[in-house]
Structures are given as C-alpha cells and as structure tokens.
Amino acid sequence: MDDALIEKLGILADAAKYDASCASSGAKPRSGGKEGLGSTTGAGICHAYTPDGRCVSLLKILLTNHCLFDCVYCINRRSSNVRRARFTVAEVVELTLGFYKRNCIEGLFLSSGIIRSPDHTMEQMMLVARTLRRDHGFAGYIHLKTIPEASPWLIEQAGLWADRLSINLELPSDHSLKAFAPEKNGGTIKAVMGQVNERIVEAKEERRRFSPAGQSTQLIVGADDATDRSVLETSGTLYQRYGLRRVYYSAFSPIPEASSVLPVKPPPLQRENRLYQADWLLRYYGFTVEEIASGGEGGMLDLGIDPKLAWALKNRERFPVDVNRADREMLLRVPGLGARAVDKILSARRHTRLRMEDLGRLSSGLRRARPFLIAADYHPVGGLTDRLDLRQRLVTPSSQLSLF
C-alpha cells in the first residue's frame with residue numbers, strides 16, 4: 001500500500017467513526033464458493049469497540065469527506081476546516097480485498113460526503129459494491145449508506161449488491177433538521193426509506209435479493225433539545241411505517257469550530273445506552289413509548305437504572321407476578337427476565353410448577369427478578385415491592401476502580 005493511500009485511509013476512516021451503524025445481524029448466510037471470496041454467516045461479522053463504546057468493526061470508511069452540505073453538527077460539513085481526501089472506486093475495492101485477504105475485516109461499511117451531486121456520489125458507492133460482487137466474487141458483508149436526493153434507480157441498484165442500506169435521519173424532528181441541517185429534507189429522507197422498504201418487501205415475495213439485512217438509520221442524541229420521549233416516538237414511527245431493522249443512537253460529539261447553536265459538552269454516554277435499552281423494549285418486549293417514558297421524569301429516561309426496572313418501580317401495584325400463571329406479556333415486564341428466559345419458563349411450566357431453584361437455572365437475572373415474582377415455593381414477604389428502599393436494594397452503587 002503506497003503512502004498516499006495510507007494517508008487517505010487515515011483521514012477517511014477517522015471521518016467515518018461518527019456513524020453508529022456497524023451491525024451485520026440479519027445478513028443471510030452466503031458462501032463465496034470455489035471461485036468467490038469471503039462469506040457471511042447468520043451470526044454476522046466480528047465486531048470491535050473503541051474505548052468510548054462505539055462499534056468500529058468492518059472496514060469502515062467514507063468514500064470522501066468533501067461535502068456540499070453544511071450541517072452544523074457534522075465535522076465534514078462544507079465550512080469545516082478538516083483535511084479532505086477522496087478515494088476512487090478502485091482504491092476502495094483494493095483496500096477491501098487487501099484487508100479481507102489478510103483476515104483483518106469481514107466486510108465493508110461505506111458512507112460518503114456528497115460530492116458534485118447526490119446522483120454522482122450514489123453512483124460511485126454503488127459501483128464499489130458492484131465491482132466487489134461482480135468482478136471479484138466478494139461474498140462478505142457490505143453496508144452502503146444511501147444519499148438523500150439520489151435517483152431512486154441508483155438506490156435500487158445499490159440494494160442489489162449491498163447486504164444493508166441505510167440513510168441517516170440524524171435528528172428526531174423536522175424542526176431540528178431544518179435548524180441544524182437546512183439543506184436536508186426530512187420528507188425526502190423518509191420517502192427514500194419508504195422506497196427501500198417497498199423494494200425489500202417485493203424482493204422477499206419474489207424470492208430475490210435486495211438489501212437482505214434490511215435498512216437502518218441513525219439519530220444523533222444531545223445535539224438539539226429533543227427529549228428521550230420524542231427520540232423514541234420518532235423511532236417507533238420509523239419501525240412501524242418503514243420497517244427499519246434498527247435505529248442507532250449516537251451521542252453528540254463536540255466538533256472543532258462548532259456553531260454556537262450546538263452544546264459545548266456531549267450528553268452523558270449513559271443516555272445513549274438507556275436509549276438502546278428502551279429501543280429493545282420497544283421492539284421485543286411489547287412496551288409502548290408512553291410506558292417507557294413514564295419510568296423517567298420530564299420525558300427523559302432515568303440514567304441511574306434501566307428503563308424496564310424504572311417502569312416496574314413506578315408500577316408496583318402490578319407485581320408480584322405468579323411465574324406459574326402469568327401470561328407472556330406480563331412476564332416480559334419482570335425486571336431480570338429476558339425474552340429467552342420467559343420462553344423457557346413458558347415451556348417448562350407445561351410440565352411442572354416452577355420453584356425458585358428452577359428459575360435460577362432458567363434465568364441469570366433472578367436476583368433482580370426475585371422481588372417481583374411468586375413461585376411455587378416462594379412469595380415475597382412483607383410487601384417487598386412496596387419497600388421504599390427497593391431501588392437501592394436492586395441497584396449496585398458504582399464505585400471508582402483502583403489500579404492497586
């Protein structure tokens with residue numbers, strides 16, 4: 001690899017670290033075969049995490065950090081004073097194949113600033129994926145970030161070669177988008193999501209390949225004054241209307257020479273974590289946004305405890321739950337019981353009345369669940385769920401680690 005390419009890689013890999021979209025779960029297994037290269041598995045690719053918790057797996061790069069847009073929260077905005085670089089299609093293909101053959105990566109995540117026009121940029125990204133697949137038999141994972149305003153035909157072509165497509169909504173409300181990224185149009189972005197969703201549904205019905213790992217988006221948290229409730233309301237709408245596989249939450253990172261409308265400090269990284277936990281409840285545990293938000297105050301989630309425990313502590317009258325009689329919906333609301341544990345409980349109780357010892361084998365979160373459960377040999381004594389200090393009993397206080 002020559003020095004110029006290494007320098008470009010340093011600039012454009014660093015510029016891509018703000019995209020929180022590195023997950024390949026959902027990609028269908030695919031083998032490169034005798035003449036192909038690479039493969040994917042149902043479990044997805046390997047992941048790595050930076051010290052601040054961001055996922056940086058794959059070869060995660062921008063095609064270029066030049067951009068026509070001037071979004072105030074973006075380090076690559078038009079008015080930013082960062083070093084610029086641009087890969088050619090051939091260079092991205094060469095890097096991907098080179099890293100793959102050296103067993104450094106298992107796929108490619110490719111995003112880009114907007115150069116010349118949305119169509120030109122989208123075409124270049126599509127060509128990378130097409131060249132890898134068609135000319136080199138690359139069967140590894142490919143995630144392409146689609147460009148707002150690009151031609152629907154180009155986005156459809158991209159979906160033929162990529163495992164996943166995504167388009168960043170970035171901010172949860174049209175009002176914030178207009179204030180922080182006036183050149184972006186929330187309606188256009190959602191129209192692209194709708195178009196991609198239609199193609200994914202059609203492809204499944206026709207049993208052909210089009211973005212088989214679905215589509216996703218990213219919301220920046222803490223750049224505007226949006227509450228957690230409004231962020232989750234936006235996520236709920238995106239899941240319902242556009243069939244998104246994932247919404248990623250990225251805590252705002254202060255950037256050099258930032259606009260005065262942006263906050264000086266980043267939000268607590270814990271806020272990002274609580275939103276991911278809440279998102280999980282929204283998608284897999286049957287919670288509504290209203291229920292999740294009710295566990296916090298003023299539309300913000302409780303940073304001290306997870307959203308499920310926060311909801312349970314504010315709805316104590318619904319506990320304890322009889323593990324041998326309660327329906328699945330209520331068992332899913334017991335802190336400490338995950339979806340898999342609940343399924344195991346429902347299966348096991350067809351054959352026997354469950355005791356606490358049995359639950360200990362079915363769930364690793366029994367300590368947290370104990371105050372909220374009734375079992376064949378156990379009933380919380382003294383109104384355990386009514387205790388004022390229940391929260392303190394369940395939450396281990398954090399302590400400063402020591403090197404010695």
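Strand 5 is mostly covered, with 5 of its 5 residues buried (under 20% relative accessible area, with exposed set at over 50% and partly exposed in between, using a 1.4 Å probe and protein chains only). The cover comes on both faces: Tyr141, His143 and Lys145 are buried on one side, and Ile142 and Leu144 on the other. This is a predicted model, where local features need pLDDT of at least 70 and side-chain atom pairs pLDDT 80 or more, while totals for chains, interfaces and linings use all residues. Residues are numbered from 1 along each chain as its sequence is written, and side-chain values use heavy atoms, leaving out hydrogens and water.

Zooming out, the protein has 15 helices and 10 strands; these are DSSP runs numbered from the N terminus, helices being H or I of at least four residues and strands E of at least two. Of its 404 residues, 54% count as buried. As for contacts (heavy atoms within 4.5 Å), 66% of those between residues at least 6 apart in sequence join residues at least 24 apart.

Six strands make an open sheet in the order 3-4-5-6-7-8, with parallel pairing; two strands pair if DSSP finds at least two bridges between them. Strand 3 (59–62) and strand 8 (246–251) sit at the edges with a single partner strand each, so one side of each has no neighbour in the sheet. From one strand to the next, the twist averages 20°. Strand 4 (residues 107–111) runs parallel to strand 5 (residues 141–145), and 4 bridges join the two. Leucine 108 has isoleucine 142 of strand 5 as its bridge partner, and phenylalanine 109 stands opposite histidine 143. Over at strand 8, helix 7 (residues 228–242) lies across strand 7 (215–221) and strand 8, running at about 155° to strand 8; axes are lines fitted to C-alpha atoms, for helices over the stretch in contact, with angles from 0 to 180 degrees between N-to-C directions.

That leaves the second largest pocket. Its lining includes Gln277, Trp280, Tyr285, Asp306, Lys308 and Arg368; on a 1 Å grid over the protein atoms alone, a pocket is an open set of points where a 1.4 Å probe fits, with protein on both sides within 12 Å along at least five of seven lines, and lining residues have an atom within 4 Å of a point. Helix 8 (269–284) and helix 10 (307–314) are the elements giving two or more residues to this lining, and helix 8 gives the most, with 3 residues.
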